[in-house]
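User: I am new to this structure and would be grateful for a close look at a single part of it. Please keep the explanation connected.

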Amino acid sequence: MGRMMGVTAALVAVLVAGGSLFAGSARADTDADSVRLLRARGLVADGRCEGALVLIAPLISGMPAAQQLQGQCYLQQNDAPRALEALEAARQREGDLDGIDLDVAMARFHLGDFEGARAALDTAAPSSGERAEYHLYHGLLLLQESDASGAADSLDRARRIAPEAVEPTASYYAGLAWAGADELDRARAAFDRVIATAPGTVWATEAERARDRVSQDGGPSSWAFARLGVEWDDNVVLRGQGVRLPEEIGGEDDGRFVWLLHGG
């Protein structure tokens, strides 16, 4: 009897040890996946999405956060339809992913689905309302909705929170919005910021034209306000989470905002 109990105890010990080894292996796999995801995020931050997509490919089925990053990469690569598909799938799997509603709002905005972007942005407000990117897209949507003063305020707020993340886009569109609100001194100041912070770029060239138009025509009665559209070609204008902005908005091969200036 004692011998049988000894054998049983030995078997239990083996099983426990095996279970511990399995748990340790699972933890190691989880840690490795987390490191892989972290590395991929670093690549995305550097604008190197091709490498990031390769890294996260094995993780997507088991990690909604990896699928979110995939969507952010597609947005960075100017593929808004695939971005939205990935982001919506990630949100459905895990609705409290950090910044997921804001990501969805960005993707819908770039698809021209402004109503859907507005709904996603409203959902994002409690968790992302202090982010510069939130106020940037909020301002762009208000500009689309012809709320000039509200758009200018939101775009200026984005710039104050994190200028390195949203300039010169925020100041350029704030200038258009201030002009539309007949706040011409503020409009000129916004365009001057673009010229100072992005010299030699198409942003600066367009800001100079807009500033000169404001000065010559005296404001919105003759040119000013626009309905903002979005045009896509080969490159991204506003990337995914973090909104890493390019230096230029023009050129036939660039994804770009297209503004339609309506005369009065």
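How many disulfides does the structure hold, and what can be said about the surroundings?

Analyst: The model is a predicted one, and it holds one disulfide. The bond is formed by Cys49 and Cys73, whose sulfur atoms lie 2.3 Å apart. Cys49 belongs to helix 2 (residues 49–56) and Cys73 to helix 3 (residues 64–76), so the pair ties together parts that are 24 residues apart in sequence. The torsion about the S-S bond of Cys49 and Cys73 is about -90°, and the disulfide is therefore left-handed. Cys49 and Cys73 are both buried.

Ile56 is in contact with Leu37, Ala40, Ala66, Leu69 and Gln70, when its neighbours within four places in sequence are left aside. The largest nonpolar core has 70 residues, and Ile56 and Leu37 are among those that touch the most other members. Leu136, Tyr172, Tyr173 and Phe191 are also among them. In soluble globular proteins, nonpolar side chains tend to be buried together.

Charged pairs complete the picture. The whole structure contains 14 salt bridges. One of them joins Arg131 to Glu133, with the closest N and O atoms 3.4 Å apart. Arg131 is buried, its relative accessible area being 17%, and Glu133 is likewise buried, at 9%. Another salt bridge links Asp185 with Arg188 at 2.8 Å, N to O. These two residues, Asp185 and Arg188, are three residues apart in helix 11 (residues 184–197), which means that about one helical turn separates them. Asp185 is exposed, with a relative accessible area of 59%, whereas Arg188 is partly exposed, at 24%.

Notes. Residues are numbered from 1 along each chain as its sequence is written. This is a predicted model: local features need pLDDT of at least 70, side-chain atom pairs count only at pLDDT 80 or more; totals for chains, interfaces and linings use all residues. Side-chain values use heavy atoms; hydrogens and water are left out. A nonpolar core is a set of buried Ala, Val, Leu, Ile, Met, Phe, Trp, Tyr and Cys residues joined through side-chain atoms within 4.5 Å. Buried means under 20% relative accessible area, exposed over 50%, partly exposed in between (1.4 Å probe, protein chains only). Contact means heavy atoms within 4.5 Å. A disulfide is a pair of cysteine sulfur atoms within 2.5 Å. Helices (H or I, at least four residues) and strands (E, at least two) are DSSP runs, numbered from the N terminus. A salt bridge is a side-chain nitrogen of Lys or Arg within 4 Å of a carboxyl oxygen of Asp or Glu.
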